[in-house]
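Let's take a friendly walk through a protein model. Have the sequence and the 3D view ready as you read.

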Amino acid sequence: MEKLTQIAHNVFFTLKDKSPEAQQKLVEACQKYLSGHPGCVFFAAGVLTEELNRPVNDRDFQVALHVVFDSLESQNAYQVAERHVQFIEENKENWETVRVFDSTVGS
């Protein structure tokens with residue numbers, strides 16, 4: 001069994017303005033402010049895949065963020081990093097809800 005040491009940080013944003021332009025703006029903000037942090041081993045941001053509409057799919061979001069960190073310490077540092085805080089301040093007005101799912105995953 002592989003050792004579970006990395007932290008997966010998955011965030012799902014439901015927007016007030018659900019337009020394609022607003023979605024793209026948030027994806028670009030994710031890329032600008034949330035990628036490249038110390039300890040990040042994987043980063044991706046994108047929009048809901050319209051074609052995947054199975055009964056098990058949760059479709060209550062427009063933009064998804066996926067970041068995997070090498071350790072809990074790196075994830076904790078990211079939470080208080082200046083760029084992360086700036087991302088929140090510049091984008092939170094268009095957030096209807098934000099759901100965060102953090103988990104320990106294999107390396």
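Predicted model: local features only at pLDDT ≥ 70, side-chain atom pairs only at ≥ 80, totals over all residues.

**The core**

In soluble globular proteins, nonpolar side chains tend to be buried together. Here, the largest nonpolar core has 16 residues. Those with the most contacts inside this core are F13, L26, C30, L34, L65 and F87. Three elements, β1 (4–15), α1 (20–34) and β3 (63–69), each supply at least two residues of the core. The element that gives the most is α1, with six residues.

Take L65 as an example: leaving out residues up to four places away in sequence, L65 touches H9, N10, V11, F13, C30, L34, F43, A44, A45 and Y78.

**Two helices side by side**

How do α1 and α3 (residues 82–91) lie relative to each other? Their axes come within 9 Å and cross at roughly 160°. Angles over 145 degrees count as roughly antiparallel, so α1 is roughly antiparallel to α3. The residues that make the contact are listed here.

| Helix | Residues in the contact |
|---|---|
| α1 | L26, A29, C30, K32, Y33 and L34 |
| α3 | R83, H84, Q86, F87, E90 and N91 |

By class, this contact of α1 with α3 has six nonpolar, three polar and three charged residues. The crossing itself, with α1 passing α3, is right-handed.

**A closer look at Q23**

Setting aside neighbours within four places in sequence, Q23 is in contact with L15, K18, V47, Q62 and V63.

Note on methods:
Residues numbered from 1 in each chain as written. Heavy atoms only, no water. Core = buried A, V, L, I, M, F, W, Y, C linked by side-chain atoms within 4.5 Å. Buried < 20%, exposed > 50% of the residue type's maximum accessible area, 1.4 Å probe, protein only. Helix = DSSP H or I, 4+ residues; strand = E, 2+ residues; numbered from the N terminus. Contact = heavy atoms within 4.5 Å. Axes fitted to C-alpha atoms, helices over the stretch in contact; angles between N-to-C directions. Parallel < 35°, antiparallel > 145°, perpendicular 65-115°, else oblique. Left-handed = near helix turned anticlockwise from the far one by under 90°. Nonpolar A, V, L, I, M, F, W, Y, C, P; charged D, E, K, R; others polar.
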